[in-house]
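Please consult the sequence and the coordinates displayed below.

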Amino acid sequence: MPVQAIKSFDEFKTIINGDKIVVIDFWATWCGPCRMISPIFEKLSDTAVSEKIAFYKVDVDEQEQISQECRIKAMPTFIFFKGGEVIETITGADPGKLNQVIQKLAA
């Protein structure tokens, strides 16, 4: 399933409170590391792990309320949720760590 953009705070709340593990890429259009890791995040969403993990992204400039709720201080930040709770956080464009955490949570 391709990465989907979250367009509202209400949509964000609905998504993170579901049964499935959710990973959200908090990014900004002006962020170089965000643009570098974005294709890797997209590629991961097209693998078998997408059956267990849903992939989303939030533009921190467009969705300030979501960014504040999640206390985003640096981009990119990847936050993993399950049942409304944060289960893992990765700050920075680290493809190896992102892949490692996704594989661990999908197992």
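The points that follow cover the disulfide, the sheet and the nonpolar cores.

The model is predicted: local features require pLDDT of at least 70 and side-chain atom pairs count only at pLDDT 80 or more, whereas totals for chains, interfaces and linings use all residues. Residues are numbered from 1 along each chain as its sequence is written, and side-chain values use heavy atoms, with hydrogens and water left out.

**Cysteines**

- One disulfide (a pair of cysteine sulfur atoms within 2.5 Å) is found in a search of the whole structure.
- This disulfide links cysteine 31 with cysteine 34, at an S to S distance of 2.4 Å.
- The torsion about the S-S bond of cysteine 31 and cysteine 34 is about 80 degrees, so the disulfide is right-handed.
- Cysteine 70 takes part in no disulfide, and the nearest cysteine sulfur, belonging to cysteine 34, lies 15 Å away.
- Cysteine 31 counts as buried at 5% relative accessibility; buried means under 20% relative accessible area, with a 1.4 Å probe and protein chains only.
- Cysteine 34, at 2%, and cysteine 70, at 15%, are likewise buried.

**Sheet and helix packing**

- Five strands form an open sheet in the order 1-3-2-4-5, with mixed pairing; strands are DSSP runs of E of at least two residues, helices are runs of H or I of at least four, and both are numbered from the N terminus.
- Strand 1 (4-5) and strand 5 (85-91) stand at the edges with a single partner strand each, so one side of each has no neighbour in the sheet; pairing requires at least two DSSP bridges between two strands.
- Strand 4 (residues 77-82) runs antiparallel to strand 5, and six bridges join them.
- Phenylalanine 80 has glutamate 88 of strand 5 as its bridge partner.
- Helix 2 (residues 32-45) packs on the sheet, touching strand 2 (21-27), strand 3 (53-59) and strand 4; contact means heavy atoms within 4.5 Å.

**Nonpolar cores**

- The largest nonpolar core has 20 residues, of which Ile6, Phe12, Ile24, Phe26, Ile66, Cys70 and Phe81 touch the most other members; such a core is a set of buried Ala, Val, Leu, Ile, Met, Phe, Trp, Tyr and Cys residues joined through side-chain atoms within 4.5 Å.
- Helix 1 (9-16), strand 2, strand 3 and strand 4 each supply at least two residues of this core, and helix 1 gives the most, with four.
- Beyond its neighbours within four places in sequence, phenylalanine 81 contacts several residues, including Phe12, Ile24, Cys70 and Val86.
- A second, separate core of 17 residues includes Ile37, Val49, Ile53 and Ile90.

Key
Buried means under 20% relative accessible area, exposed over 50%, partly exposed in between (1.4 Å probe, protein chains only). Axes are lines fitted to C-alpha atoms, for helices over the stretch in contact, and angles run from 0 to 180 degrees between N-to-C directions.
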